[in-house]
Amino acid sequence: FQVEVERPGGLDQLTLPRDCDELAQVIAEMGVVLLAADPLLSLISSTINTHQDRDLRTALEPLVRLADQTGCAVVGLAHFNKSASSDALNLITGSRAFSAVARAVLAIARDPQADDGSCVLSQAKNNLGRLDVPSLRYVVRTAEVPTDDENAPAMVGVLDFTGESDRSVDDILAENASDPGDRAERDEAAAWLSAYLSGQPNQESTATEVFKEGSAAGFSKDQLKRAKTKAHVVSRKSDFGGGWVWALHAPGPAKGAKGAKGAPF
């Protein structure tokens, strides 16, 4: 269902916090279990300064109470601003209250160095469960969905998760925020990494050994991770629950990775 608000003279969009009480009633009456706000910022009343923490909380905290009272999950989509930062929570457009009030935050960024145009999904905050969960990589594919008109199917996007990623959203954001000097260091690290793996059996090595040898050559762990894609290095989990393996040749899908292939976006 799409929420619309009837006002004298016609329909209006849902506005927070003005419509929270009526919205809670509808959620309870219809047994709604998920409210998606896309984007959340567009639902905030124009009278509220979304860049001021105290003001914004007057709109968001009633939404939290609504979720507590009805048992309905609330998912709000937000976008990153143009600031240079590696912290996803600091890049959310508007006040820090958006991330402070949320119980959990998932961050998504397209990896500009990935040849397949894939994105990375990382957990940026979680007050409800574990924090030590891996980042995941996915690509957006097109799927055809039948409609009432057999001659006009709908084309939609689906997320095809390809497995775990050893690059997080913070890693990608840090690269975007880096200065030319950092990029030069990444190029040097990429050249060393490519040469090192070329001399290893099967052109691969454990990540632990790469970091050890790289450190001896003057490169930090973060520099080597940022240099992976430029050096055309791929990673996979080793067999029998081992650590990561870095290689110059493309491996198969990550072992044990459970995808959400075909799940609607």
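Start by selecting H232, in the loop between α7 (221–227) and β10 (234–237). This is a predicted model, and here the phi of H232 is near 60°, a positive value in a residue other than glycine. Is H232 buried or exposed? With a relative accessible area of 56%, H232 is exposed, because the cut-off for that word is over 50%.

Now try Q203, in the loop between α5 (180–198) and β9 (204–206). Its phi is also positive, near 55°, and again the residue is not glycine. Q203 is partly exposed, with a relative accessible area of 35%.

Nonpolar side chains tend to be buried together in soluble globular proteins. The largest core here has 23 residues, and L16, L40, I44 and L60 touch the most other members. Colour α1 (20–30), β3 (34–37), α2 (53–70) and α3 (97–101): these are the elements that give two or more residues to this core. Which of them gives the largest share? That's α2, with 5 residues.

Zoom in on L60 and show what surrounds it. Leaving aside residues up to four places away in sequence, L60 touches L40, I44, A97, F98 and V101. Then jump to the second, separate core, which has 15 residues, including Y196, F219, A227 and V233.

The peptide bond from L16 to P17 is cis, with omega near 5°, and P17 is found in the loop between β2 (10–12) and α1. There's another cis bond from D38 to P39, with omega near -10°. P39 is in the loop between β3 and α2.

Time for the largest pocket. About 1700 Å³ of space lies in it. Select V75, G76, L77, A78 and L106 to land at the lining residues nearest its centre.

Last stop: the cysteines. Select C20, which is buried with a relative accessible area of 4%, then C119, buried too at 5%. How many disulfides does the model have? The count comes to 0.

Note on methods
Residues numbered from 1 in each chain as written. Predicted model: local features only at pLDDT ≥ 70, side-chain atom pairs only at ≥ 80, totals over all residues. Heavy atoms only, no water. Core = buried A, V, L, I, M, F, W, Y, C linked by side-chain atoms within 4.5 Å. Buried < 20%, exposed > 50% of the residue type's maximum accessible area, 1.4 Å probe, protein only. Helix = DSSP H or I, 4+ residues; strand = E, 2+ residues; numbered from the N terminus. Contact = heavy atoms within 4.5 Å. 1 Å grid on protein atoms, 1.4 Å probe; cavity = no way out; pocket = protein on both sides within 12 Å on 5 of 7 lines; lining within 4 Å. Points joined across faces, edges and corners; volume = space filled by probe spheres on them. Disulfide = S-S within 2.5 Å.
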